[in-house]
Amino acid sequence: MVPAHTGSRTTRLLGLAVLAGIAVVLVLALAVTGPDAVQGDAARLIYLHVPVAVSMNVGFGLCTLGSVMWLWKKSRWWDTVAVSAAEVGLVFTGLTLVTGMVWGRPTWGVYWTWDARLTTFSLLFLLYLGYLVVRHLPADLEVRNRRSAYVALLAFVDVPIVYLSVSWWRGLHQTATLSLSSTISGLMLFTLVLGIVVSLMGFLWLLVHRFRVAWLEDEVEIAGLDLAISERRAEAGIVEVSTP
Amino acid sequence: MFRDAALVARKDLRIEWRSRVTTNQVAPFAVLVLILFAFALDPDRGVLQRATAGLFWVAILFSALLAVQRAFALEAADGNRDALRLSGLNPAGIFLGKAGAVALELGALEIVLGIGVVILYSTTLSGWLLLITTCVVATIGLAAAGSLYGVLAAGLRVRETLLPLLLLPVVAPVLLGATRAFEAALGQSTSDGWSWVELLTTFAVIYVAFGVLAFGSLLEEA
């Protein structure tokens, strides 16, 4: 039984909750909370930037988990989790980079600086872009799944090394790192936490839909193969013998 | 495992020696890259000297791509890959042999490029122990990671364009670490070169271990 679309009552409710959450966060972030003492209004981007960055980490974490589980259990479910999480995670990485740059312009005066995190994230973006490229190469499902699982793991073991090397690199040179005031409290903290929750819910919503699309795509591929085989058999005049 | 590795490495190196692809194509390419850097950057203002470490390792990285591609193109024709799989050789041994051969080729290239930067960029080499240690561990890391992605991409029609996209972001820490260690050795920075060597060693250990464990499965799939 193939569902007609990828939504369901639960996902629609989740989607509505995300929309409402975004509205609340927007009001809190733009109107209710005050500007930052040092950075002024630019700091409000933190309510978007940090939440998408958190979701991004969850996405790549899930991709790794899915890949490991696929190698272990060989279940299509985990493989689909891995690819969906990577795709949605990549979108959130893009958002993280873009919001970071938008924040960097008024704060640092430049869109791009070779800041440790910015550099790490850009490499991360490229690593997982490679994963998705490999993933979408035409191949047998089994071959494709194994190949992409290994690429995901190879990328994952690289992440700590990238992070360490880049932070050493910049740590050795940068004299003053501009960071948000370390104490963040009260309403600002609440807005930030709410932002993270809403972002994670949005991530989940996208993930569920992407998962179902990917699952259906695989179904089509599997069904297509069976169909082609039975068509060839029909052409050859072989009568299908249904096993009791 | 090590006997198999030696066999595979000897085979690859013998093919390289006879076909002269590394000596006649990859090495001249690497030197060409050094010359192109001089065209791109102003050679008169000492930019080349100051950037020696980075330019050297970028040239090595590009050459490593060619070397890895070449190492796996050897088996692409006539079902040689299946022959290799069916040979009964230990997959971990095949990995170590392939990576070892690539590492030795890169090592030879590093000597050529080392002479190249001394002559073309008038760089004075110093801190030999750090220079050589960096070369050894960085090369092992590059060859190991390269061989893993090499075998992964080898059977694909898009391998020429896919390999750089997959490999370069992964080996970015090697470029970073090796360049910083070289700068320290050449006295161009005050940072501690040896801590970068530790990072490069970690990288090499991780990817060699990954290769020993996973290479068989990657070799099978194509």
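Figure 1. Along the principal axes, the C-alpha atoms of chain B fill a box of roughly 55 × 35 × 30 Å. Of the 222 residues in chain B, 48% are buried. Buried stands for 20 or more other C-beta atoms within 10 Å of a residue's own, exposed for 12 or fewer, and partly exposed for in between, with C-beta atoms placed from the backbone.

Residues are numbered from 1 along each chain as its sequence is written, while chains are lettered from A and ligands numbered from 1 in the order in which they are written. As this is a predicted model, local features need pLDDT of at least 70 and side-chain atom pairs count only at pLDDT 80 or more, whereas totals for chains, interfaces and linings use all residues.

Figure 2. Chain B has a mean pLDDT of 88, with 99% of its residues at 70 or more; pLDDT is the predictor's confidence in each residue, from 0 to 100. Within chain B, helix α6 (residues 91-120) has the highest confidence, at a mean of 93, and helix α5 (residues 80-86) the lowest, at 83. For the complex, the predictor gives an ipTM of 0.85 and a pTM of 0.85.

**Figure 3. Close-up of helix α7 of chain B.** Helix α7 (residues 128-154) of chain B has 27 residues, and its first and last C-alpha atoms are 37 Å apart, close to the 39 Å expected at 1.5 Å a residue. The expected span is 1.5 Å times one less than the number of residues. Since 21 of its 27 residues are buried, α7(B) is largely enclosed by the rest of the structure.

**Figure 4. The largest nonpolar core.** This core has 126 residues, and A82(A) and L200(B) have the most contacts inside it. Its largest share, 15 residues, comes from α7(B). A nonpolar core is a set of buried Ala, Val, Leu, Ile, Met, Phe, Trp, Tyr and Cys residues joined through C-beta atoms within 7 Å. Leaving out residues up to four places away in sequence, A82(A) touches C63(A), G66(A), S67(A), W70(A), A149(A) and A152(A). Contact takes C-beta atoms, placed from the backbone, within 7 Å.

**Figure 5. Where chain B meets chain A.** The contact takes 21 residues from chain A and 24 from chain B. On the chain B side, α7, α8 (159-185) and α9 (193-220) each supply at least two residues, and α8(B) gives the most, with 10. That side of chain B divides into 18 nonpolar, 4 polar and 2 charged residues. Ala, Val, Leu, Ile, Met, Phe, Trp, Tyr, Cys and Pro count as nonpolar, Asp, Glu, Lys and Arg as charged, and the others, Gly among them, as polar.

**Figure 6. Zooming in on V133(A).** V133(A) sits in helix α4 (residues 116-135) of chain A. With 16 other C-beta atoms within 10 Å, V133(A) is partly exposed. Not counting residues up to four places away in sequence, V133(A) touches L162(B) and L165(B). S148(A) is 15 residues from V133(A) in sequence and 9.2 Å away in space, C-alpha to C-alpha.

**Figure 7. Backbone spots with a positive phi.** Most residues other than glycine have a negative phi. R20(B), not a glycine, has a positive phi of about 60°. R20(B) is in the loop between α1 (2-19) and α2 (21-40) of chain B and counts as exposed, with 10 C-beta neighbours inside 10 Å. S122(B), also not a glycine, has a positive phi of about 40°. The loop between α6 and α7 of chain B holds S122(B), which is exposed, with 12 other C-beta atoms within 10 Å. In chain A, K74(A) follows α2(A) and has a positive phi near 55°.

Technical notes:
Helices (H or I, at least four residues) and strands (E, at least two) are DSSP runs, numbered from the N terminus. Two residues are in contact if their C-beta atoms, placed from the backbone, lie within 7 Å.
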